[in-house]
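Please find below a short note on the model shown here.

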Amino acid sequence: MTQNINSTRYYSRRQEDSVAELIDGYVVPNSGAGHFQKGDVINKDISLLCECKTCVKEKNSFSIKKEWIVKNRNESFATRFSNQAIAFNFGPDQENYFVINERLMRYLVEKLNEENS
């Protein structure tokens with residue numbers, strides 16, 4: 001990881017590492033820029049491809065672009081992953097939030113209901 005705290009890559013890698021730990025996955029080398037692996041963080045066991053977006057400075061808002069969602073969905077399909085998410089935060093060392101599709105949200109609600117029954 002780059003040690004230049006002024007670079008975007010430094011903050012991106014920190015976020016990718018935290019998301020990888022959270023989902024029990026691994027960081028894709030070179031942020032998925034290669035030909036065979038896409039996305040930023042993968043957990044093969046649960047078929048999850050995660051794209052990470054971070055802010056270098058703290059912000060009060062963050063816009064999610066539809067093109068990110070479409071690209072994430074397409075890369076997930078192309079790499080045969082069933083689930084996809086976009087992780088974002090509002091600045092360095094801030095909590096990550098996730099954008100997931102309706103199918104994955106329904107599954108999450110179902111599991112939460114089972115757990116709380």
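1. A contact here means heavy atoms within 4.5 Å. In the protein chain, residues 24 or more positions apart make up 46% of the contacts with a separation of 6 or more.

2. This is a predicted model, in which local features need pLDDT of at least 70 and side-chain atom pairs count only at pLDDT 80 or more, while totals for chains, interfaces and linings use all residues. Residues are numbered from 1 along each chain as its sequence is written, and side-chain values use heavy atoms, with hydrogens and water left out.

3. The elements of the protein chain follow the order α-β-β-β-α-β-β-α from the N terminus, where helices (H or I, at least four residues) and strands (E, at least two) are DSSP runs. The radius of gyration, taken over C-alpha atoms, is 15 Å, close to the 13 Å from the globule rule (2.2 Å times the number of residues to the power 0.38) for 117 residues, so the chain is as compact as a globular protein of that length.

4. Six aromatic pairs are counted; rings of Phe, Tyr and Trp (its six-membered ring) pair if their centres lie within 6.5 Å, with planes under 30 degrees apart stacked, over 60 edge-to-face and the rest tilted. Phe-62 and Trp-68 form a tilted pair, 6.0 Å centre to centre with 45 degrees between the planes, and both residues are buried.

5. Ring pairs join Phe-62, Trp-68, Phe-88, Phe-90 and Tyr-97 in a cluster. Phe-88 is buried at 11% relative accessible area, whereas Tyr-97 is partly exposed at 37%.

Notes. Buried < 20%, exposed > 50% of the residue type's maximum accessible area, 1.4 Å probe, protein only.
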